[in-house]
Amino acid sequence: MSEQFDVVVIGAGPAGYVAAIRAAQLGLKTACVDAFVGKDGKPALGGTCLNIGCIPSKALLDSSKRFHDIEHNLAAHGISTEKASIDVGAMVGRKDKIVKQFTGGITQLFKANKVTPIAGYGTLHPNREVRIKGHDGSEATITGKHVILATGSVPIELPFAKFDGKHVVDNAGALDFESTPKRLGVIGAGVIGLELGSVWKRLGAEVTVIEALPDFLAAADADIAKIAAREFKKQGLDIQLGSKVSAVEVKGDEVHVTYNDGKADQSLVVDKLLVAVGRRAATKGLLADGTGVEINERGQIVVDDHCHTAAENVWAIGDCVRGPMLAHKGSEEGIAVAELIAGKPGHVNLDLVPWVIYTEPELAWVGKTEAQCKAEGIPVKTGSFPFAAIGRAVAMNETAGMVKVIAHAETDRLLGVHMVGPVVSELVAEAVVAMEFHGSAEDLARICHAHPS
Ligand code: NAD
């Protein structure tokens, strides 16, 4: 007989591990299955976010910002140093240490909350039976009264630019370069392309970003995207918009990229090429025949508003379902589903999931853009304020950017708050709170804010 659990979670990323811990805290006997193997060859909890995503990229963004500041920004403060040097190995080593600290932290949290971790590849069979193939070839079967699918996402591979881990890399590869590439090409000016492009640009690489869409950061508010584009250009990031890549060829130690910028064919020769054209739900090998779980045309697991799939007591959360592919969205869904399973109310407001891009300046927003409001026929009024007029920003010498507030023209209800500027990743939380409480622009304005922030 296979071991019975109240809840079996497949996937230990920020959606799955949070769901597992919350379920266990609510008194449910919980197991969490995960196949990820870390750089040291050992199973590691935490999924993409902790191992090869949010956490390591933030570590490198921080290190590279410090280096860049020494090189370019300290003179304005009257500080001069000998020329800074960089040990990429040490920088990556620090990043790996942080990753280990966090993945080890999940192991401790599982222990403390009595979640049973199971290393291996899980497949869901009918009647919520989960069969696990261990890394050593072993096989095990467990069953759950409830199963939560939280298998995350994988990078989309372009057919003509296969990842080889050496010259043509995905986000994981671009976190582990042994030295700063002299020339880095990036396909896709999205979140990963801009964050990791910024890391290596700050460390001295010539970075060219090739983006298919004619508009820069189409998901952001146009006024914010415009400022960001201007600042990135000033930093020397060469962003080619409206450009379609047609061929990628590795020749010796070089990558030759052919693209059309809408006018003519262009060629680009780089030492490394990061392909960051989006991610897709990871469901390969997850579902045996007859589970009743449905997959849509985009490859996502189909769920209702409460993350329940078409199969009884099978739930799905995080990147493998609809909605933004953001760690915090997955975690919120994990908590909501665990609470629903335990008979409590649980809900995630997908309209108010904040976005942050950790470049410099940072971008952060919540709610609708002005263009979205227009398209939906919502009458709006907007107000914006530049960081150049904020005392703290001037004192920091980081004045690029602004905050833009969009409110309903008649009711004044907040519809969207959009920011580009210093540390807006932290500032956006205030807008999320105000909007969750259905606040108005006036509510936000009447809150006492600490001067000179
Ligand atoms: P993305 O969707 O953010 O950006 C992909 C970009 O590639 C888009 O601008 C798209 O137009 C472009 N593109 C697609 N096909 C192309 C082609 N053939 N040639 C040129 N351009 C092409 O995806 P991403 O940057 O790969 O990130 C994946 C996911 O990871 C995103 O959903 C993102 O939200 C998430 N992520 C979030 C953070 C964060 O929250 N700070 C950080 C990293 C990743």
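Reply: Let's start with K329 and E333, whose side chains meet in a salt bridge at 3.1 Å, N to O. Bear in mind that this is a predicted model. Both residues belong to helix α7, which covers residues 327-341, and because they are four residues apart there, about one helical turn separates them. As for cover, K329 has 1% relative accessibility and so counts as buried, the cut-off being under 20%. E333 is buried too, at 1% relative accessibility.

Salt bridges that share partners also join K39, K95, D96 and D176 into one network. Take the K95 and D176 link from that group: the two side chains meet in a salt bridge with 2.7 Å from N to O. K95 lies in helix α4 (residues 88-113), while D176 is in the loop between β8 (168-169) and β9 (183-187), so this pair ties together parts that are 81 residues apart in sequence.

E206 forms a salt bridge with K182, and their closest N and O atoms are 3.5 Å apart. Here E206 is in strand β10 (residues 206-210) and K182 in that loop, so the pair links distant parts of the chain, 24 residues apart. K182 counts as exposed at 57% relative accessibility, since the threshold is over 50%. E206 is partly exposed, with a relative accessible area of 45%.

Now for the setting. The structure holds 30 salt bridges, and the chain carries 46 positive and 55 negative side chains, with the centres of the two sets 2 Å apart. Eleven helices and 22 strands make up its list of elements. Of the contacts with a separation of 6 or more, 62% are between residues 24 or more positions apart.

On overall dimensions, a compact globule of 453 residues would have a radius of gyration near 22 Å, and the chain's 23 Å agrees with that. Its C-alpha atoms fill a box of roughly 70 × 60 × 45 Å along the principal axes. In the chain, 48% of the 453 residues count as buried; K329, for one, is among them. The accessible surface comes to about 21,700 Å², and carbon and sulfur atoms account for 53% of that.

How values were computed
Residues numbered from 1 in each chain as written. Predicted model: local features only at pLDDT ≥ 70, side-chain atom pairs only at ≥ 80, totals over all residues. Heavy atoms only, no water. Helix = DSSP H or I, 4+ residues; strand = E, 2+ residues; numbered from the N terminus. Rg over C-alpha atoms; globule rule 2.2 N^0.38 Å. Buried < 20%, exposed > 50% of the residue type's maximum accessible area, 1.4 Å probe, protein only. Contact = heavy atoms within 4.5 Å. Areas by Shrake-Rupley, 256 points an atom, 1.4 Å probe, with all protein chains shown as cover. Lys, Arg positive; Asp, Glu negative; His and termini not counted. Charge placed at Lys NZ, Arg CZ, Asp CG, Glu CD. Salt bridge = Lys/Arg side-chain N within 4 Å of Asp/Glu carboxyl O.
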